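Here is a quick walk through a two-chain model, from one chain's make-up to the places where the parts meet. Have the structure open as you read.

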Amino acid sequence: MSGKIKAERRKISYLFRRKARGDSPFKRFLIHVALILACIIAVYPVLRVVSVSLRPGDRLLSTSLALIPDDASMQSYYKIIFEKDFLLWLWNSLCITMTTAFIGLILAATSAYAFSRWKFPGRIPGLLFLLTTQMIPAAMLIVPIYVLAVQLNLINSYRGLALAYSVSSIPFSIWILKGYYDTIPRELEEAAKIDGASQMSTFYKIILPLSTPALAIVFLFNFMMAWNDWILARIMLQREKIFTWPLGIWTLAGQFRVEWGTFTAASILVAVPVMILFLYSSKWLISGLTAGAVKG
Amino acid sequence: MSSLTARVITGSLSQIGSMILYIFLGIIIFEVVVYLVLGKIFKSKYTIPYMLLAPAAVGLALLVIYPMAYEVRLAFTNMSLRYFRNYNLSLVQGLKNFTLIFTEPVLKQLKFFPLLSRTILWTVINLIFHVSGGLVLAILLNRHMRGRGIYRTLLVFPWAIPQIVAVLAWRGEFHFEYGFINVMLQRIGLQPIQWMIDPFWNFTAACITNIWLGIPFMMIIILGGLQSIPAEFYDAAEIDGASNWQQFNSITLPMLRPILTPAVILGTIWTFNNFNVPYMINRYELETSDILVTALFRAAFEYNRYGFSAAFALVILFILFIFTLTYIRVTGGIKGVYE
């Protein structure tokens, strides 16, 4: 297996080299200049957030463009962690997001199996229905969801939000998982069946362990979706004690008075783990996206 | 640390615990019912798949289909903050809601058709820049060179950072005095720009932010597509004496189509429905920077006209639906679904 991959890699790098040989040194220089410029544009705004978060409290507003201020301090970080509700917001987000990701994953994993292995009546309408729900943006349903949540007394609780998130990510998860299950050969299940395993135990003992990568992708997707959402949280949560972090950060960057120090420090504290997770998993995330799209 | 006390933690854990417990109890009871009805009474051979599907189906029915139906019902009411419990539901009211959308301002002054054309303008501008920017960067990156991995990682930054953080940070950078764009403009001797007050520049600011956010996704998708084009094609073209532009036009673009088409359709829907960027960048709530989705949010939650907003949402959904249908018609889109 790894030998094959290595050979493939060698072939790819050979192809690249062959292409690159055609580029003159001047052209290569230009390409590097262009890419460096693009990288600066991509990274500079993020670095600015870091630099503001390091400024001491009395110099938050300044026209200086220095990335690391002369008198850098961790004041803002101290303030956001010990004097604001930031940890509480993170905790709220974590509770809602973890519940969401687990419920969503369990519901999607079982339904995707049904879609992948049985040709039951209603299968194609069901798949088409899942596809159309993805076309309905959450923003279109905020009015009825808000009115229903008020009537069912789900405002200002974890429950309403966690339920809304876990269901809204189900269609996408089912599509990805179904695509992945389809690639697992049926012979495996048939062999297990001959050995006397029931349909459900083959699912738990063969299909689920084999699909760990896809399950991880789906879990991560659900997690990220709920973790970064602002609009649903905005209408469902009104008490500051139950805010999720996007709402919290939004109040820090308030409409007329911005608390620059705490806002930027909080942004960095939230963004760094998310970015590391994203960059680390982006390869799988993208392959999962395209695999789902190509398989249909 | 003050607010995250042990009491808060146990409180939230018990709330979540009881919720999960109720969900599982509900699922088990429901599964038993499905099993008895389908398996024992109808003796269906599809009992197992229906049992597997049942929880998700109920969830979707409760949280997608029911709200959808409820939205249609709301569209025929005059529900607002004032008439929240004692609203009246009638056909006349519904017709009134739908005519109001097209005849009266949706918010204070903004009418529907300017709003629609601005949304289309917003979508087109963003998409052109996303695709062309992503294409250029992907082509530059698609070669063997030093630092390729570093470039790729750095260029993905705008996609990796949580959107709310990025958008709020950009809003700060459009500050008249302290934002880096105006500071830089002043240093090279130009006039600073009123990003937050001037309608044109505020819309431009939202576009800049969204273009910055959206390019990495297109770049990565296109890069994946480029890598799947065999190098032999370019070799053959070179032997035949094709110029770079000819190679791009007759090899790269056609070979990218299967990847570009779904990416563009996804991008269109995302941009059309983008809420965070136009809503957040628009600090002073200029109606001249609103697009359909943000106008819908304001009509519902700042003007509290729930019945009217429900009708408004249905109109937007109808537009999206027409767009998707046309797309499926044109591309023969969803055949893959059936296999």
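What percentage of the 296 residues of chain A count as buried? The figure is 40%, where buried means 20 or more other C-beta atoms within 10 Å of a residue's own, exposed means 12 or fewer, and partly exposed is in between, with C-beta atoms placed from the backbone.

A word on the ground rules. This is a predicted model, in which local features need pLDDT of at least 70 and side-chain atom pairs count only at pLDDT 80 or more, while totals for chains, interfaces and linings use all residues. Residues are numbered from 1 along each chain as its sequence is written, and chains are lettered from A and ligands numbered from 1 in the order in which they are written.

**Chain A and its confidence**

Chain A has 14 helices and zero strands (DSSP runs numbered from the N terminus: H or I of at least four residues for helices, E of at least two for strands). Take the contacts in chain A between residues at least 6 apart in sequence: 76% of them join residues at least 24 apart. Contact here means C-beta atoms, placed from the backbone, within 7 Å.

The mean pLDDT of chain A is 82, with 86% of its residues at 70 or more; pLDDT is the predictor's confidence in each residue, from 0 to 100. Where pLDDT is low, the predicted coordinates should not be read in detail.

**The core and the chain contact**

The largest nonpolar core holds 151 residues, and Ala108(A), Leu161(A), Leu177(A), Ile249(A) and Leu296(B) have the most contacts inside it. Such a core is a set of buried Ala, Val, Leu, Ile, Met, Phe, Trp, Tyr and Cys residues joined through C-beta atoms within 7 Å. Helix H4 (residues 86-117) of chain A gives the largest share of this core, 15 residues. Beyond its neighbours within four places in sequence, Leu177(A) touches Ala108(A), Ala109(A) and Ala112(A), among others.

Where the chains meet, 88 residues of chain A and 80 residues of chain B take part. On the chain B side, helix H2 (residues 47-75) brings the largest share, 16 residues. That side of chain B splits into 61 nonpolar, 14 polar and five charged residues (nonpolar: Ala, Val, Leu, Ile, Met, Phe, Trp, Tyr, Cys and Pro; charged: Asp, Glu, Lys and Arg; polar: the others, Gly among them).

**Domains**

The bounds below come from an automatic or database domain assignment.

| Chain | Domain 1 | Domain 2 | C-alpha centres apart |
|---|---|---|---|
| Chain A | 24-73 | 86-295 | 34 Å |
| Chain B | 6-75 | 112-304 | 40 Å |

In chain A, the contact between the domains takes eight residues from domain 1 and six residues from domain 2.

Trp245(B) lies in helix H11 (residues 244-272) of chain B. Why is Trp245(B) exposed? Because it has 8 other C-beta atoms within 10 Å. Phe176(B) lies in the loop between helix H7 (163-173) and helix H8 (180-187) of chain B, and counts as exposed because it has 12 C-beta neighbours inside 10 Å. Among the contacts of Phe176(B) outside four places in sequence are Pro192(B) and Trp195(B).

Conventions
Two residues are in contact if their C-beta atoms, placed from the backbone, lie within 7 Å.
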